[in-house]
Amino acid sequence: MNKLVFVLAIQVGVVFALASSCSITHKSGDYACTKTSECDTGRDCVDGFCVISGTQQIDSPTPSDGHGSGSGSNGCPAQCTSCSVSQKTCVIDCQGADCSNTVTCPPGYSCDVKCDTDNSCRNGVVCAGTTNCKVECTGRNSCQNVQCGTSACDVECSGVQSCKTVACGASCACDVRCTGTQSCGDTITCTSPACHIALGCSSLPTTCHSCM
């Protein structure tokens, strides 16, 4: 009789334990979704989860060749390795993208081009149509034929022998800083002769800064 009671007690305990394990709340499931209408107000359905609207960082899973004309997930320009669609910012990082061809920033975006690998961005960087353009030439022999647009343009030439042929063009504020060994060795064209400083360019003089 005692043995039967003991067996029954074990069975009851197992059932209780299983029931308890099933009652655990998995918070990640609370935010699972297939469409935005399933999310709470102020959240969008992104990659199967409800995230706060306008704060997501969208990463392009496939490196771009720099010529992207389409768009990636949620409208992110194809050439961007990461971007914020709501804030219109685009990062093109040569460690995650093919920067051996011309790198073209998407029009209407603030663009940050990271030429951070050796010999990256050697076939041109085009900033036409951007709201702001920053080009970081940190890799050895990086950056050749950088073409600024009409917006503010900031070119950092800190890589060894970086920056050959940089044209500020009609940029409203163009800064080209040549801090790398043997950087800016060829044809750095500022918006006007008054904007030349050392080997690069400066937007500090009032005549060199007219962005509204």
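**Disulfides and strand pairing**

Modeller: Start with one cysteine. Cys94 has a relative accessible area of 7%, so Cys94 is buried. Keep in mind that this is a predicted model.

Biologist: What is the handedness of the link of Cys94 and Cys99?

Modeller: Look at the angle about the S-S bond. It is -100° for Cys94 and Cys99. The link is left-handed.

Biologist: How many disulfides does a search of the whole structure find?

Modeller: The cut-off for a pair of cysteine sulfur atoms is within 2.5 Å. Searching the whole structure on that basis gives a total of 14.

Biologist: Which residue does a disulfide join to Cys148, and what is the torsion about the S-S bond?

Modeller: The S to S distance is 2.0 Å, and the partner is Cys153. Both Cys148 and Cys153 are buried. The disulfide of Cys148 and Cys153 is left-handed, because its torsion is about -65°.

Biologist: Why is the disulfide of Cys172 and Cys211 right-handed?

Modeller: Cys172 and Cys211 have their sulfur atoms 1.7 Å apart and form a disulfide. It is right-handed because of the torsion about the S-S bond of Cys172 and Cys211, which is about 85°.

Biologist: Where in the chain do Cys172 and Cys211 sit, and how many residues apart are they?

Modeller: Cys172 is in the loop between strand 12 and strand 13 (174–178). Cys211 belongs to the segment after strand 16 (200–201). The pair links distant parts of the chain, 39 residues apart.

Biologist: In what sense do strand 8 and strand 10 pair, and which residue is the bridge partner of Val126?

Modeller: Strand 8 (residues 125–126) pairs with strand 10 (residues 144–147) over 2 bridges, in the parallel sense. The partner of Val126 in strand 10 is Gln147.

Biologist: Over how many bridges do strand 10 and strand 12 pair?

Modeller: Strand 12 covers residues 164–167 and pairs with strand 10 in the parallel sense. Lys164 in strand 12 stands opposite Gln144. The bridges between strand 10 and strand 12 number 3.

Conventions
Residues numbered from 1 in each chain as written. Predicted model: local features only at pLDDT ≥ 70, side-chain atom pairs only at ≥ 80, totals over all residues. Heavy atoms only, no water. Pairing = 2+ DSSP bridges. Helix = DSSP H or I, 4+ residues; strand = E, 2+ residues; numbered from the N terminus. Buried < 20%, exposed > 50% of the residue type's maximum accessible area, 1.4 Å probe, protein only.
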